[in-house]
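Biologist: I would like to learn how to read packing features from a model. Can we start with the rings?

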Amino acid sequence: MALICNLSRYTSKFLNKFAYSGKKKPCCRIACGATARQNWSINPEPSEYQNKHLFRVDHKFPINYENKLEELRHLLMKPTLTQADPIESLILVDAIQRSGIGHHYRDEIHTILTHYYVKTPRDSSSSSTIHDVALSFRLLRQQGHHVSAEVFNNFKGQDGKFRGEVRQDIAGLLELYEATQLGFEGENILVEAEDFSSKLLRKCAEEIEYSKWSRHINMRLKHPCHMTITRFTETNNFLVRSDLRGSAVNSWEKPLMKLARVELLMAKPIYQEELLQVHKWWDGLGLTKELKLARNQPLKWYTWSMTALINDIRLSKQRIELTKSIAFVYLIDDIFDLYGTPDELAIFTEAVDKWDYAAIDMLPEYMKMSYKALLDTTNKIARMIFEKHGHNPINTLKETWASLCKAFSVEAKWFAGGDLPRAEEYLANGKVSSGVHVVLVHLFYILGLSGTQNQGAILLEQNSTLISSVAAILRLSDDLGSAKDEQQNGKDGSYIEYYMRDNHGVSFKQAREHVINMIASEWKLLNKECFEINHYSPTLSFYREACLNLARMVPLMYSYDDNQRLPILEEYIDFMLLKPKSIKQIKN
């Protein structure tokens with residue numbers, strides 16, 4: 001409890017500064033890092049790191065918890081469930097995945113879904129409900145099984161519209177809407193189904209007849225499971241889903257909720273220690289004393305890493321090391337945005353490209369410590385990877401930093417010279433300057449994957465669909481103009497601004513709608529790429545999920561209220577990291 005209280009006290013400084021001060025700000029550029037200014041702050045005192053008696057981290061689960069996990073495993077593989085009632089087994093799989101404990105049952109889930117895919121005829125939808133078809137479509141597609149979206153045409157009448165019984169099935173409409181979030185480019189039936197289901201669900205949420213479910217309906221419309229961190233958004237919804245289906249509460253639902261709660265409680269002290277280690281490392285570098293205007297936001301940086309690798313509590317070292325690369329994306333961004341003259345930034349970019357300690361002498365005094373820390377940290381990460389996995393990725397890692405600095409330099413020249421880019425040119429460069437490429441390449445190697453494999457080498461290219469789509473989702477979400485927490489004295493740009501300049505007569509509202517559609521298109525591209533990765537190699541599946549988690553984190557980072565605060569992000573940090581009262585909220 002003492003550790004939680006200490007973290008809460010320091011983190012309150014961070015949470016209290018989510019509000020926008022009202023100063024004018026150019027658009028920010030945050031992508032697992034950012035080029036923008038934030039007033040967030042959390043600064044633990046050095047004495048806190050000496051209080052090691054406050055916590056003990058053990059990645060082994062208690063025996064009684066292990067027993068409960070095994071009981072659920074036996075139920076999951078029970079023949080009477082998987083064979084006699086295959087849809088019920090899919091409902092259980094879905095609940096396990098939504099609860100955030102699916103990583104304990106990867107093999108079992110793979111077996112169940114593969115068995116269902118092999119044994120279920122592709123034309124069986126004619127005798128199934130929209131709920132069952134949509135649920136199976138979503139689970140099978142995210143597992144990498146080929147399921148045609150044309151299956152939903154079976155629920156249309158001769159007029160080409162969805163039949164009446166579909167319109168009356170709320171649980172089915174919710175599953176249909178969820179299924180459409182896994183669409184690929186060109187699947188027009190899913191576009192139609194999303195529009196159809198979302199409109200009906202919004203209408204239902206406003207009607208008295210469905211008032212007891214309106215909150216649940218609105219939540220799932222806003223946070224479909226494929227695009228959110230379900231451990232945070234879904235834990236309290238199992239019983240509601242049973243009610244919507246008109247079925248009795250399953251015997252496994254309450255025990256599953258308890259398992260999810262207990263796992264979160266066990267994870268919190270691990271996350272808390274990792275955050276303190278990040279603080280200790282960052283404070284030890286002393287860079288904020290040298291660059292007083294640079295952001296000092298270890299909590300935010302760590303939140304990205306915690307979320308990316310949320311599916312395996314054992315990856316403490318990986319989360320900490322990934323946070324270090326994120327911290328330097330922010331720091332270098334600040335150097336370009338707040339400190340450097342064009343000539344100084346050119347020298348810094350050249351030095352990073354050389355990746356040589358001798359280049360320190362060519363840098364201005366205020367850049368020297370940061371440059372050395374970047375090389376020290378990245379070289380150490382590369383050595384760690386070599387010692388653990390047998391390959392040294394330093395050449396690839398340093399190339400990502402050089403690319404990032406070159407992208408920052410391009411932007412600096414645009415804004416310094418007033419020669420502003422076209423929208424597409426800005427976005428192409430902005431995806432690189434977002435920092436996503438740096439972070440995802442570091443993540444790839446930190447997870448022990450090898451870029452020498454053909455698939456790995458393709459995935460690591462900065463223009464690969466996987467990296468490009470995650471970067472575009474983050475870049476465009478930022479440019480929607482909602483991220484008004486970023487305060488900076490430098491200059492920046494916005495895709496919306498340039499799109500309106502390129503297309504005379506387009507209103508701000510039209511430009512925003514265009515960007516929203518672009519984000520939806522990027523998600524479709526990301527869906528397709530993740531689907532293909534399922535067939536590359538099983539070892540890449542965890543990397544795929546981590547990339548998806550970073551994209552899923554974006555809405556939490558940009559869900560501003562009318563007071564320009566981030567209440568959802570605050571609640572998420574409380575839920576995952578800080579306050580034990582979150583568990584009481586789950587019970588309620």
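Modeller: This is a predicted model. A search of the whole structure turns up 17 aromatic pairs.

Biologist: How is a pair of aromatic rings described?

Modeller: By two values: the distance of the centres and the angle of the planes. Take Trp282 and Trp301. Their ring centres are 4.8 Å apart and their planes stand at 80 degrees. Planes over 60 degrees apart count as edge-to-face, so this pair is edge-to-face.

Biologist: Which helices hold Trp282 and Trp301?

Modeller: Trp282 is in helix α14, residues 253-285. Trp301 is in helix α16, residues 298-308.

Biologist: Is Trp282 buried or exposed?

Modeller: Buried means under 20% relative accessible area. Trp282 has 2%, so Trp282 is buried. Trp301 is buried too, with a relative accessible area of 0%.

Biologist: Which residues do ring pairs link into a cluster?

Modeller: Trp281, Trp282, Trp301, Phe328 and Tyr330.

Biologist: Next, charges over rings. Where does the charged end of Arg141 sit?

Modeller: Over the ring of Phe184, 4.0 Å from the ring centre. Lys156 gives another case: its charged end sits over the ring of Phe162, 5.7 Å from the centre.

Biologist: Now helix packing. At what angle do the axes of α18 and α20 cross?

Modeller: At roughly 165 degrees, and the axes come within 8 Å. Angles over 145 degrees count as roughly antiparallel, so α18 and α20 are roughly antiparallel to each other. The crossing of α18 past α20 is left-handed.

Biologist: Which residues in α18 and α20 meet?

Modeller: From α18, the list is Leu345, Phe348, Thr349, Val352 and Asp353. They meet Trp401, Ala402, Cys405, Lys406, Ser409 and Ala412 in α20.

Biologist: Which residues of α21 are buried?

Modeller: Helix α21 spans residues 423-433. Its buried residues are Ala423, Tyr426, Leu427, Asn429, Gly430, Val432 and Ser433. Their cover includes α20, α24, α25 and α26. After α21 comes Gly435, with a positive phi near 90 degrees.

Biologist: Where is Ser507?

Modeller: In the loop between α25 and α26. Ser507 has a relative accessible area of 30%, so Ser507 is partly exposed. Ser507 and Ile496 lie 11 residues apart in sequence. In space, C-alpha to C-alpha, Ser507 and Ile496 are 9.9 Å apart.

Terms used: Residues numbered from 1 in each chain as written. Predicted model: local features only at pLDDT ≥ 70, side-chain atom pairs only at ≥ 80, totals over all residues. Heavy atoms only, no water. Buried < 20%, exposed > 50% of the residue type's maximum accessible area, 1.4 Å probe, protein only. Helix = DSSP H or I, 4+ residues; strand = E, 2+ residues; numbered from the N terminus. Contact = heavy atoms within 4.5 Å. Phe/Tyr/Trp six-rings, centres within 6.5 Å; stacked < 30°, edge-to-face > 60°. Lys NZ or Arg CZ within 6 Å of the ring centre and 35° of its normal. Axes fitted to C-alpha atoms, helices over the stretch in contact; angles between N-to-C directions. Parallel < 35°, antiparallel > 145°, perpendicular 65-115°, else oblique. Left-handed = near helix turned anticlockwise from the far one by under 90°.
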